[in-house]
Amino acid sequence: MAGQGTPATALLVKRGIAHRTHPYRVAPDAPNYGALVAVALGVAPERVFKTLVTDVDGALTVAVVPVTGELDLKALAAAVGGKRAALADRAVAERATGYVRGGISPLGQRRRLPTVLDESALDLPTIYVSAGRRGLQLELAAADLVALTDARSAPLQTH
């Protein structure tokens, strides 16, 4: 779609990866933002994933988890062979990825970071992740996301 290009969508087009973009309107400061995005898109919330930049033992790491749960920081640390994980500082996350909070995509980041995808994504036909700006989601196969980011999968969410 014209005017909706981001580094994430450019990467998908360049690699010839099947995907769809979905614009939506949700106030960026709305509580339970991810669930509201799912409602705005008319899809099950377990198909919508949030991209969180974390710090695992001093190394930035991306966690991609369903909006229906919270990130289990201990599980993330274990998945990458680390001891401690915490959410990265907002400014650090934005600088490393080239995206603003609320629009951080796991694809097309300024600096390629290790990525871990919650294993629940692998059971879904397609998943939704940020396209690289607020108000725009990408729909793609989880396997394509794994291939493009060299992601590993692990159980990452608390229930």
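Colleague: Which residues of helix H1 (residues 7–15) are buried?

Modeller: This is a predicted model, and the chain averages a pLDDT of 94, with 97% of the residues scoring at least 70. Residues that count as buried have under 20% relative accessible area. In H1 the buried residues are Ala8, Thr9, Leu11 and Leu12.

Colleague: Why do the buried residues of H1 line one face of the helix, and within what arc do they fall?

Modeller: An α-helix has 3.6 residues a turn, so residues three or four places apart point the same way. The face of H1 turned away from the buried side carries the exposed residues Val13 and Lys14. Seen down the axis of H1, the buried residues line one face because they fall within an arc of 155°.

Colleague: How many of the residues of S8 are buried?

Modeller: Both faces of S8 are covered, with Leu136, Leu138 and Leu140 buried on one side and Gln137 and Glu139 buried on the other. Strand S8 is therefore largely enclosed by the rest of the structure, its buried residues numbering five of five.

Colleague: Which residue stands opposite Gln137 in S8?

Modeller: Strand S8 is joined to S1 by four bridges in the antiparallel sense, and Pro23 stands opposite Leu136 there. S7 and S8 also pair in the antiparallel sense, over five bridges, and in their hairpin, which has two residues between the strands, Gly135 takes a positive phi near 90°. The residue opposite Gln137 is Ser130.

Colleague: Which strands stand at the edges of the open sheet of five strands?

Modeller: The order of this sheet is S5-S2-S3-S6-S9, and the pairing is mixed. A strand at the edge has a single partner strand, so one side of it is left without a neighbour in the sheet. That description applies to S5 (85–87) and S9 (152–154).

Colleague: Which residue stands opposite Leu87 in S5?

Modeller: Strand S2 (residues 49–56) and S5 run antiparallel and are joined by three bridges. The residue standing opposite Leu87 is Thr54.

Colleague: What is the angle between the planes in the aromatic pair of Tyr24 and Tyr33?

Modeller: A search of the whole structure finds one aromatic pair. Tyr24 and Tyr33 form this pair at 6.4 Å centre to centre. The pair is edge-to-face, since planes over 60 degrees apart count as such, and the angle here is 65°.

Methods:
Residues are numbered from 1 along each chain as its sequence is written. This is a predicted model: local features need pLDDT of at least 70, side-chain atom pairs count only at pLDDT 80 or more; totals for chains, interfaces and linings use all residues. Side-chain values use heavy atoms; hydrogens and water are left out. Buried means under 20% relative accessible area, exposed over 50%, partly exposed in between (1.4 Å probe, protein chains only). The arc is that of the directions from the helix axis to the C-beta atoms. pLDDT is the predictor's confidence in each residue, from 0 to 100. Rings of Phe, Tyr and Trp (its six-membered ring) pair if their centres lie within 6.5 Å; planes under 30 degrees apart count as stacked, over 60 as edge-to-face and the rest as tilted. Two strands pair if DSSP finds at least two bridges between them.
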